[in-house]
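Hi there,

Here is the structure I promised to pass on to you. Have a look at it first, and then read my notes below.

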Amino acid sequence: MDKKTFLLFSDDLDKVLATFVIANGALAMDTEVTIFFAFWGINVVRKESARPVKKDFMSKMFGWMMPRGAGRLKLSKMNMFGVGTNMMKQVMRKKNVKPLPELIASAKEAGARFVVCTMSMDVMGIAEDELMDGVELGGVATFLGESDQSNTTMFI
Amino acid sequence: MDKKTFLLFSDDLDKVLATFVIANGALAMDTEVTIFFAFWGINVVRKESARPVKKDFMSKMFGWMMPRGAGRLKLSKMNMFGVGTNMMKQVMRKKNVKPLPELIASAKEAGARFVVCTMSMDVMGIAEDELMDGVELGGVATFLGESDQSNTTMFI
Amino acid sequence: MDKKTFLLFSDDLDKVLATFVIANGALAMDTEVTIFFAFWGINVVRKESARPVKKDFMSKMFGWMMPRGAGRLKLSKMNMFGVGTNMMKQVMRKKNVKPLPELIASAKEAGARFVVCTMSMDVMGIAEDELMDGVELGGVATFLGESDQSNTTMFI
């Protein structure tokens with residue numbers, strides 16, 4: 001029982017990168033991985049283009065203010081109006097670290113389970129149609145079930 | 001052995017909400033839950049009204065600058081001088097998610113153990129009389145003992 | 001099997017303090033502890049003085065902007081241009097809590113394993129010569145191996 005469960009609460013580029021670097025490492029070692037996207041974390045699996053979804057005023061505001069997808073996340077520190085984030089992305093490219101969207105695709109392909117928290121979707125007014133393909137929807141019970149079967153569960 | 005231990009280090013409204021949503025979910029599934037309140041996290045269990053406690057200058061400063069109780073926490077992101085936090089609270093009400101103080105009361109009632117870190121209290125100059133009723137005081141040993149008995153321990 | 005593994009991702013003074021208070025507590029109870037320093041966390045184990053290391057432009061920028069060693073970290077909240085951080089350090093001294101550099105030295109002496117993430121070093125352009133003595137270098141596989149052997153793994 002060496003399954004790993006990550007509760008990805010954050011949409012900070014650095015924390016999301018760490019999550020997927022570890023996830024891909026675990027998958028390469030034949031370890032099962034479940035990533036549960038909650039609260040800001042659901043932005044990681046949003047589609048990049050806007051979808052024709054009907055929303056109330058609040059949901060529109062949240063949707064507009066939050067980053068749309070893995071390509072638009074920012075560093076938690078030293079973002080400096082985007083300069084730091086771009087520096088980090090450039091350096092990663094130079095050092096041959098895959099960019100985040102590719103790390104996410106690799107993890108998915110290698111069999112990671114992606115579960116999006118329905119309560120977070122509801123509160124933030126994000127519809128299923130706005131999420132990338134291949135994600136499941138789930139609630140607290142799903143998360144707890146996964147963590148029960150894991151020897152490592154991390155809140156990120 | 002499916003006990004869950006949360007080290008609640010943060011007093012960000014979003015992270016505290018996540019903690020208590022998960023805690024209530026676990027309790028509903030007959031899982032034992034211990035929440036250890038450390039550092040900023042002790043603000044979550046402060047009484048809302050000031051108490052007549054004698055304090056030195058530093059403790060007064062900390063007490064004055066930190067939020068007093070679960071009703072006064074702010075989002076870690078998009079707080080926007082309170083606008084974002086209020087939006088989130090409004091949306092939660094509309095979507096029938098219980099407000100944080102009720103989630104805390106539910107968890108307590110359902111048997112969650114609330115332990116407040118004595119070292120944090122000491123450093124921040126918070127007296128026992130300033131904490132909500134029904135919390136225990138404890139130290140690192142208490143936390144480690146709980147985590148030893150848990151299959152999931154998360155730093156939040 | 002009550003080993004504890006901490007993935008120290010942050011270089012916020014408060015979170016690093018919490019890590020080492022818990023680590024020292026665990027070590028005092030004869031529990032094995034591994035601390036994995038990743039991303040901002042590698043700043044915790046940087047030497048305080050600059051080293052004559054050749055770097056490209058980006059690495060120089062990162063090196064210059066990030067705090068050099070445990071003595072220069074800042075609170076995640078209420079830093080207030082250093083005033084809050086200094087207040088916290090003063091209060092800790094008054095309350096006889098060891099300052100962070102001493103907590104780190106104690107943990108090392110008591111046998112904690114310090115592993116620094118090589119990918120983070122590479123991306124941030126930190127050379128081995130810039131790290132404090134006695135740290136090991138390792139990657140995701142090392143972290144996963146440690147967490148497999150631990151009953152508690154926390155992302156901090």
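Please keep in mind that this is a predicted model. Let's start with a loop in chain C: C:Lys74 sits between helix H2 (57-65) and helix H3 (83-94) of that chain. Leaving out residues up to four places away in sequence, C:Lys74 touches C:Asp11, C:Asp12, C:Leu13, C:Asn79 and C:Thr85.

Next comes helix H1 of chain C, which covers residues 13-28 and has 16 residues. From its first C-alpha to its last, H1(C) reaches 22 Å, close to the 22 Å expected at 1.5 Å a residue. Is H1(C) mostly covered or mostly uncovered? It is mostly covered, with 15 of its 16 residues buried. After H1(C) you will find C:Asp30, which has a positive phi, near 65 degrees.

Finally, here is a place where two chains meet. Two packed helices are described by the angle between their axes and the distance between the axes. Helix H6 of chain A (residues 140-148) packs against helix H1 of chain B (residues 13-28) at an angle of about 75 degrees, and their axes are 9 Å apart. Angles of 65 to 115 degrees count as roughly perpendicular, so H6(A) is roughly perpendicular to H1(B). On the H6(A) side the contact is made by A:Val140, A:Phe143 and A:Leu144, and on the H1(B) side by B:Val21, B:Ile22, B:Gly25 and B:Ala26. Sorted by class, this contact has six nonpolar residues, one polar residue and no charged ones.

Happy exploring!

Notes. Residues numbered from 1 in each chain as written. Chains lettered and ligands numbered in written order. Predicted model: local features only at pLDDT ≥ 70, side-chain atom pairs only at ≥ 80, totals over all residues. Heavy atoms only, no water. Helix = DSSP H or I, 4+ residues; strand = E, 2+ residues; numbered from the N terminus. Expected span 1.5 Å × (residues − 1). Buried < 20%, exposed > 50% of the residue type's maximum accessible area, 1.4 Å probe, protein only. Contact = heavy atoms within 4.5 Å. Axes fitted to C-alpha atoms, helices over the stretch in contact; angles between N-to-C directions. Parallel < 35°, antiparallel > 145°, perpendicular 65-115°, else oblique. Nonpolar A, V, L, I, M, F, W, Y, C, P; charged D, E, K, R; others polar.
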